[in-house]
Amino acid sequence: MKIPYGISNFKSLITEGYLYVDKTPFIESLEATGKYNILLRPRRFGKTLFLSALRYYYDIRFKDAFEEIFSGLAVGHNPTPLKNSYRILFMEFSGISINNKESIERDFALEVAGRLRAFLKEYQYPAEEIHRLDEHSSPASLMKAFFRIVREEKIYLLIDEYDHFANAVLSEDQELFNAIVGKGGFVRAFYETVKTATMEGIIDRLFITGVTSITLDSMTSGFNIGKNLSFKKEFNQAMGFTSQETESLIRPLVDICGFDALETMRSLGTWYNGYRFSSRAKEKVFNPDMVLYFIDSFDTDECRYPEQMLDENIASDYGKIMRLFSIGDRESNFRLLEELIVNGEILGRHKGKLDLDISKPFECDDFISLLLYMGFITISGAVLDELLYRVPNYVVEQLYYRYFKTEIELRSQITIENDRIKEAIRQLALHNNINPLTEEIRKALALFSNRDFMRMDEKHIKAVILTLLCQSGVYFIQSEPEMNNRYPDILLLERNPFKVRYQFLFELKYSKKKDGAKGLEEKRAEGIRQIKEYQQLADIQQISDLKSYLLLTDGSGIEAVAVG
């Protein structure tokens with residue numbers, strides 16, 4: 001079984017026998033929906049591979065290879081009238097340095113020039129025509145010169161990672177972003193030439209991929225021809241794997257290892273599923289890169305899950321794009337993310353356009369829409385005229401807790417020692433010794449208790465505890481899981497491939513200091529009673545080697561009470 005993890009060249013993937021989940025039916029859908037289309041998805045979601053499929057499908061140079069590449073796929077059985085009928089101009093903007101305006105424009109122009117020259121060579125234009133580009137240096141002038149050379153052609157323009165460098169700029173310097181993307185900026189001028197070429201019939205079709213719409217939205221008047229399909233129900237599954245597709249991919253592992261198929265799918269769903277890009281879509285999709293990473297990293301000899309279920313390449317990519325959390329009112333954004341962590345969901349309205357015009361405030365719904373584009377939240381339902389959003393899966397939840405820890409360290413000017421926390425959890429897992437963990441929680445609460453940013457109530461204290469627990473990957477951590485219509489605060493459950501001696505149930509109770517000893521005793525009695533009720537539940541009784549603790553705190557000190 002050849003796993004195409006990290007492979008984005010469609011022809012190589014197909015002809016070399018790699019596994020492929022057939023997304024070619026969406027080629028016909030894309031062709032039917034319009035000429036100038038935009039489909040945005042979170043990082044590592046299969047965008048480049050889909051764009052590569054379009055390149056081989058429409059390029060006249062691969063007409064004779066059509067059967068070899070597409071014969072076994074849906075679009076090969078039912079090809080569209082436009083197959084292999086275009087010259088393809090491909091561009092990709094992920095390698096642009098962001099040191100300053102001059103270096104950004106230089107690198108952007110070099111990328112544009114390189115792609116234009118490659119096009120002219122691939123389609124065998126005379127050398128003297130290619131050399132005409134040497135007379136130009138700005139991205140817009142290069143494009144204008146190119147369009148004069150190819151004015152008799154009909155071109156399909158494919159742009160991958162259109163916003164990669166712009167997002168990096170935006171996260172560092174909004175004024176610089178506006179200078180390069182807004183009115184008078186070289187990026188806007190570049191896309192204005194593209195728009196002109198569509199009006200003249202040189203660019204007959206256009207397809208753009210990226211992560212967010214901010215760059216295009218910020219230069220709307222210069223480029224207002226694209227149709228954003230990102231949240232259309234019809235394209236919800238164009239990138240990403242459905243449950244059925246994921247099950248077919250892991251079936252060989254299930255069969256080899258004798259796993260329970262439903263349980264394996266449930267586990268992968270918890271980690272990697274959960275993305276819904278339209279409120280009208282019926283099915284969620286898995287992040288495809290995460291699923292392929294799991295299969296590629298799975299030890300078939302020992303039937304062992306990867307020790308790291310979170311691909312560090314994804315963590316790195318998402319870590320970079322998390323810098324966009326600083327757009328607008330950083331404090332307001334932090335509160336919204338805090339609400340998401342504490343309550344598990346937020347309400348808001350999706351905005352079709354994200355405009356960074358300095359005369360307009362970047363509001364809460366703008367930030368929510370940005371999070372949706374980035375894949376940090378997903379649509380889970382609706383309440384009247386607002387949508388309900390939640391974190392899509394456990395991988396993204398882990399990323400949130402990494403961010404939350406970093407943010408509270410910055411705000412309080414402290415450092416939370418990961419090594420000490422990991423050792424405390426080892427003591428818990430191997431020896432049922434909870435004292436090192438309660439000591440780390442006590443130290444954290446003591447540091448936060450006098451900070452204005454830290455609200456002292458049960459839910460926020462729980463967020464701090466979860467943040468500490470998530471620094472270790474030993475356990476699968478569940479916050480308020482549904483158990484026979486009851487909701488214990490925290491479960492620490494054994495996570496494949498790790499074997500622990502104990503699993504844990506924690507119930508947290510917070511008593512305000514002003515309520516004194518009486519308040520603590522009342523909370524103690526309430527917590528013990530609740531834990532004993534949980535222990536009678538069938539789902540809880542099925543958890544082997546379970547230890548239960550009441551965590552009792554007044555916001556500074558903390559006591560662990562063993563129950564049962």
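User: In what order do the three strands of the open sheet lie, and is the pairing parallel or antiparallel?

Analyst: In general, the strands of a sheet pair through backbone hydrogen bonds, either parallel or antiparallel. The present model is a predicted one. In its open three-strand sheet the order is β6-β8-β7, and the pairing is antiparallel. The edges are formed by β6 (345-348) and β7 (378-383), each of which pairs on one side only. From one strand to the next, the twist averages 30 degrees.

User: How many bridges join β6 to β8? Which residue of β8 is the bridge partner of G348?

Analyst: Strand β8 (residues 386-390) pairs with β6 in the antiparallel sense over four bridges. The bridge partner of G348 in β8 is L387.

User: Which helix lies across β6 and β8, and which strands does helix α18 touch?

Analyst: Helix α17, residues 330-343, lies across β6 and β8 and runs at about 135 degrees to β6. Helix α18, residues 364-374, also packs on the sheet, where it touches β6, β7 and β8. The direction of α18 makes about 125 degrees with that of β6.

User: I would like to see a parallel case as well. With which strand does β1 pair over five bridges, and with which over two?

Analyst: The partner over five bridges is strand β4 (residues 203-210), and the sense is parallel. Within that pairing, F207 of β4 is the bridge partner of N37. Over two bridges, β1 pairs with strand β5 (residues 227-228), again in the parallel sense. Here N228 of β5 is the bridge partner of I38.

User: How many residues of β1 are buried, and which lie on each side?

Analyst: A strand can be read face by face. In β1 (residues 36-40), five of five residues are buried. Y36, I38 and L40 lie on one side, N37 and L39 on the other, and both faces are covered.

User: Let us turn to a helix. How many residues of α15 are buried, and against which helices do they pack?

Analyst: Helix α15 (residues 288-297) is mostly covered, with eight of its 10 residues buried. The buried set consists of P288, D289, M290, V291, L292, Y293, F294 and I295. These buried residues pack against α13 (243-257), α14 (261-272), α16 (312-321) and α19 (394-412). At the start of α15, a side-chain oxygen of N287 comes to within 3.0 Å of the backbone nitrogen of D289.

User: Why is L292 classed as buried, and which residues does L292 touch beyond four places in sequence?

Analyst: L292 is classed as buried because its relative accessible area is 11%, whereas the cut-off for that class is under 20%. Leaving aside residues up to four places away in sequence, L292 touches I3, P4, Y5 and F241. The C-alpha atom of L292 is also separated by 8.6 Å from that of L249, a residue 43 positions away along the chain.

User: Finally, is the peptide bond from N496 to P497 cis or trans?

Analyst: That peptide bond, from N496 to P497, is cis, with omega near 15 degrees. P497 lies in the loop between β10 (490-494) and β11 (503-510).

Technical notes. Residues are numbered from 1 along each chain as its sequence is written. This is a predicted model: local features need pLDDT of at least 70, side-chain atom pairs count only at pLDDT 80 or more; totals for chains, interfaces and linings use all residues. Side-chain values use heavy atoms; hydrogens and water are left out. Two strands pair if DSSP finds at least two bridges between them. Axes are lines fitted to C-alpha atoms, for helices over the stretch in contact, and angles run from 0 to 180 degrees between N-to-C directions. Contact means heavy atoms within 4.5 Å. Buried means under 20% relative accessible area, exposed over 50%, partly exposed in between (1.4 Å probe, protein chains only). A polar contact is a pair of N or O atoms within 3.5 Å; within protein, one must be able to donate a hydrogen and the other to accept it, and residues adjacent in sequence count only if both atoms are side-chain atoms.
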